[in-house]
Amino acid sequence: MAVLLFFFFLLFDISRAIPVLDFSKLNGHERAKTLAHIANACEDWGFFHLVNHGIAEDLLERVKKVSTDFYKLEREENFKNSKVVKLLNETGHKKLENVDWEDIITLTDDNVNEWPSQTPGFKETFKEFRYELKKLAEKILEVLDENLGLPKGHIKKAFDGEEGENNASFGTKVSHYPPCPNPERVIGLRPHTDAGGLILLFQDDEVGGLQVWKDGEWIDVEPLKNTIVISVGDQIEVISNGRYKSAWHRVFSTTDSNRRSVASYYNPSHKATIAPAPQLIKETNEEWNQAYPKFVFGDYMSVYYQQKFHPKEPRFQAVSAM
């Protein structure tokens with residue numbers, strides 16, 4: 001991994017590349033420095049690569065294989081007959097709006113019986129992978145608690161809601177962005193922020209396409225083998241009272257490559273009440289400096305489904321009025 005990082009820094013302007021952070025250094029004498037780097041990444045980018053995250057290389061390789069096999073066996077032919085392909089073929093030179101050049105399925109604990117069944121090893125591999133990712137997500141949430149000066153477990157407890165422990169939602173989206181004959185006419189995935197809490201992305205090692213909006217320009221999230229890309233979601237922005245920001249990101253389509261993307265989300269329960277942490281609201285003689293409203297996550301998602309690809313600020317305003 002050290003060699004890979006060396007070449008990464010050699011090839012790219014690191015001032016314009018999302019941070020690459022070593023999670024294992026939290027266990028050594030560089031803990032304070034690493035905590036600071038994570039805090040800065042959450043504040044300045046809302047995105048960062050995580051290396052030495054504790055998920056076995058063998059498992060990651062198996063995830064790649066079954067994901068690729070799954071698309072070829074169970075999705076490729078269906079995608080050729082999908083709505084977006086038909087639109088691209090039927091609309092001449094017109095640029096397509098309100099569609100994405102993406103094939104996607106969602107895996108949760110509630111729909112295991114609907115998981116792909118024709119691809120050997122898919123279910124077993126993804127059950128193991130999701131277990132490891134969920135553990136990693138909860139470790140990262142504790143790091144965010146510490147950096148924000150919150151009690152250990154604060155964010156997880158907020159996500160679980162009043163129903164008790166382990167009610168937070170954890171899902172995995174397995175996506176592919178197939179070769180597109182006219183990438184200038186349709187985007188892979190339109191710009192948006194992530195609605196939920198914490199997103200853990202295992203992206204393609206070789207095929208790029210993911211970009212993050214920062215300082216008025218789109219920055220490539222370069223493929224870096226077997227890293228987990230962390231994205232701060234809207235709910236972390238709220239709980240941090242704006243200290244951490246969810247970032248606009250998009251995926252562009254390409255002519256000659258099929259990009260693999262496995263994104264897992266650790267979200268609040270739909271019944272959970274989300275609000276800025278009291279410790280992060282500064283009291284003055286005149287007012288409380290609370291930048292975000294208090295709301296039920298399920299209500300926020302109702303707004304998000306309608307406004308996903310629009311600015312996030314009106315979403316906060318809309319949910320505050322519900």
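**Asking what the labels rest on**

Trainee: How many cavities of 30 Å³ or more does the structure hold?

Mentor: The structure holds one cavity of 30 Å³ or more, where a cavity is a set of points, on a 1 Å grid over the protein atoms alone, at which a 1.4 Å probe fits but cannot get out. About 30 Å³ of space lies in the largest cavity, the volume being the space filled by probe spheres set on points that are joined across faces, edges and corners. This is a predicted model, in which local features need pLDDT of at least 70 and side-chain atom pairs count only at pLDDT 80 or more, while totals for chains, interfaces and linings use all residues. Residues are numbered from 1 along each chain as its sequence is written, and side-chain values use heavy atoms, with hydrogens and water left out.

Trainee: Which residues line the largest cavity?

Mentor: Tyr177, Val207, Gly208, Phe252, Ser253, Thr254, Ser257 and Arg259 line it, since lining residues have an atom within 4 Å of a point. The lining divides into three nonpolar, four polar and one charged, with Ala, Val, Leu, Ile, Met, Phe, Trp, Tyr, Cys and Pro counted as nonpolar, Asp, Glu, Lys and Arg as charged, and the others, Gly among them, as polar.

Trainee: What makes the phi of Asp215 and of Asn241 worth a remark?

Mentor: Most residues other than glycine have a negative phi. Phi of Asp215 is near 50°, a positive value in a residue other than glycine, and phi of Asn241 is near 55°, also positive. Asp215, in the loop between β7 (210–214) and β8 (217–220), has a relative accessible area of 59% and is therefore exposed. Asn241, in the loop between α7 (234–239) and β10 (249–251), has 13% relative accessibility and so counts as buried.

Trainee: How many disulfides are there by the rule?

Mentor: A disulfide is a pair of cysteine sulfur atoms within 2.5 Å, and by this rule the count comes to zero. Cys42 is buried, because its relative accessible area is 0%, and Cys180 is buried at 1%.

Note on methods:
Buried means under 20% relative accessible area, exposed over 50%, partly exposed in between (1.4 Å probe, protein chains only). On a 1 Å grid over the protein atoms alone, a cavity is a set of points where a 1.4 Å probe fits but cannot get out, and a pocket is an open set with protein on both sides within 12 Å along at least five of seven lines; lining residues have an atom within 4 Å of a point. Helices (H or I, at least four residues) and strands (E, at least two) are DSSP runs, numbered from the N terminus.
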